[in-house]
Amino acid sequence: MTGQTEIRADLAEGTTGDEVDQVQGYLERFGYLGPIAERFAAFGSQPFPLAEGDDLADLVGRPAGVERGTFDSATADAVRRFQEFAGLSVTGVVDGATAARMNAPRCGNPDAPDLAEFSTSGRKWATTNLRYAIDNTTPDLSPGQVTTAVEQAFALWAGHTPLRFTPVAMSAGPEIVIRFAAGDHGDGSPFDGPSGVLAHAFFPSVPPAPVTAIMGDAHFDEAETWTVTVPPAAGTIDLVTVAAHEFGHSLGLGHSSVAGALMAPFYGGPHRAVEADDIAGIQSLYGGFPIAHAMWTHGTDLHVEVDANVESIQRFGFFTRVVGRPNTTNWYHFAVPTPVIVDGNRLAFARAMLRLVTGGPDAVVRDVHVYDGSSRIAAHQAVNLSGSLPFAVFGVPHKPDVFWGAGISVGVRTGTGSTAERRMDFISAGIDFLR
Amino acid sequence: MARVRVRNDTGSRLDAVRIHPPGREQDPVDFGPVEVGGSSDYREVRDVRRFARVEVSGPGGDRALQPFDLVGEEALPPGRYTYRLGLAGDRLTLDLEADREADDAPG
Ligand SMILES: [Zn+2]
Ligand SMILES: [Zn+2]
């Protein structure tokens, strides 16, 4: 309970004054704005829409900062998060119900919405260099498609931890073995035919158990029809999503009570991303990773692959606004300046990052590929991101040494909407490196 | 053995509810229509876990909740349980509650 003046109702975006300052103070105190909000921005969940004519000056600090006393879009976002957490209708406006809730007596701990809902098995790997083998594949997909799906699933966890996932032969005794099997397959947990459960995985092995044991392994029910096509045909199951969820178990995570988390218990179609709760969970086991070096390039360094598919391209300060022609796809490339060797040490790739805003579902980032020279080292396929992406992370599963220089390629699908709906603002592209 | 029923907190009448208990040996269990706010009769199942595949038919058509897996989900001790079906937005939700003795009056 704060003992301050009551928060007044009917405050909305555009309002200024002390009442707004008071709401901002409340939101900050309980974790909806400020340092915790910055953490959310780092997880990529906080919007920072660019309006027509926004320039770089307006972008600086936008995800984290608010102007005290001004009800700006960041404040409205924080109000929405508060309303969501409080179970109020999510309007971004401080209406009567919202003000009443803010004025209600309460303890002073930040709510930290959704940050502690993951669960863990209490087991984790003793090493961060995990080896995996694909023991068999499914007739539903080509072996190459299975390999790519598995890499993409591992990359989601690699992007937020020190973990590095390397494919090896079965004979090498990998920690994680991937198998497709139907019915009884010798581990005491027979599969149940189509639907029922889709897969299962085993929590990590703890010494002295040999790493070749079943611990860490992920099994997929061959009775399901697996796909990597998004959207999936009716009755087919997205292998990337299910593999990413199962690998969460292989790494030691249990189920999350956050409905939108990858580690929530129910499959709801393609979900090729880890959410804030998943990241908090996996970092509770393995921590983050020490970034030895980070390099960014501005959105103005964008290279367009197919000029004919661009309706207009404009550079504002340090970002580039592209409007794609209706019903086209295109690739946009960034060459990120790359420190290959620093202080006599060769660096390794950890992850790629993008900051961009699209006009909405008519300008969709379909694929993000990461390159070292001309070798593709990560492929995030059919991620289908649109709207505001203040900090989108694309992990590199094997975290290979750097040889030739980093490249990030962004595949975009443009729909048939208005010019504003088909626009993409490319702000920055970056790479984090490990020593 | 455990006894399980379904409670309908979705706000709409459900014309049919079917739950797939875990494992290959157990057949899906049909709970029939369940009124708004009402509960079905108890049905006997061999093994109950927090999650199961659920299929419902209602005014909005057919919906299903598909678990990825039951990793880390222990079989619950014998007793009476209620799967509570709800809606969050247009998404079906499922919670399992252990029933106290006082709640044990049949459906
Ligand atoms: Zn198995
Ligand atoms: Zn699971």
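Strand 8 of chain A pairs with strand 6 (residues 61-67) of chain B in this predicted model. The pairing is antiparallel and runs over two bridges. Strands are DSSP runs of E with at least two residues, and helices are runs of H or I with at least four; both are numbered from the N terminus. Two strands pair if DSSP finds at least two bridges between them. Within this pairing, A:Y267 stands opposite B:Q66 of strand 6 of chain B. The two strands belong to an open sheet of five strands, ordered 8(A)-6(B)-5(B)-2(B)-3(B). Pairing in the sheet is antiparallel. Its edges are strand 8 (266-267) of chain A and strand 3 (29-30) of chain B, each of which pairs on one side only.

Residues are numbered from 1 along each chain as its sequence is written, while chains are lettered from A and ligands numbered from 1 in the order in which they are written. Local features need pLDDT of at least 70, side-chain atom pairs count only at pLDDT 80 or more, and totals for chains, interfaces and linings use all residues; side-chain values use heavy atoms, with hydrogens and water left out.

Chain B has eight strands and zero helices. Along the sequence its pattern is β-β-β-β-β-β-β-β. The radius of gyration of chain B is 13 Å, in agreement with the value near 13 Å for a compact globule of 107 residues. This radius is taken over C-alpha atoms, and the globule rule is 2.2 Å times the number of residues to the power 0.38. Along the principal axes, the C-alpha atoms of chain B fill a box of roughly 35 × 35 × 20 Å. Of the 107 residues in chain B, 44% are buried. Buried means under 20% relative accessible area, exposed over 50%, and partly exposed in between (1.4 Å probe, protein chains only). Among contacts in chain B with a separation of 6 or more, 64% join residues 24 or more positions apart. A contact means heavy atoms within 4.5 Å. Chain B exposes about 5400 Å², of which carbon and sulfur atoms supply 45%. Accessible areas come from the Shrake-Rupley method with a 1.4 Å probe; for residues, only the protein chains shown count as cover.

The zinc ion (ligand 1) is coordinated by A:H185 (NE2), A:D187 (OD), A:H200 (NE2) and A:H219 (ND1). The distances are 1.8 to 2.1 Å. Donors are N, O and S atoms within 2.8 Å of the metal (3.2 Å for Na, K and Ca); water is not among the atoms, so sites may look incomplete. The arrangement is tetrahedral, because the four donor atoms subtend angles of 95 to 115°. Four donors count as tetrahedral if all angles lie between 85 and 135 degrees. The donor residues are spaced H-x1-D-x12-H-x18-H in sequence. A:D187 lies in the loop between strand 3 (176-181) and strand 4 (199-201) of chain A, and A:H200 lies in strand 4, so the pair ties together parts that are 13 residues apart in sequence. A:D187 is buried at 18% relative accessible area. A:H200 is also buried, at 9%.

A cis peptide bond joins A:V230 and A:P231, with omega about -5°. A:D343, not a glycine, has a positive phi near 50°.

Technical notes: Tetrahedral: all angles 85-135°; square planar, octahedral: opposite > 155°, others 65-115°.
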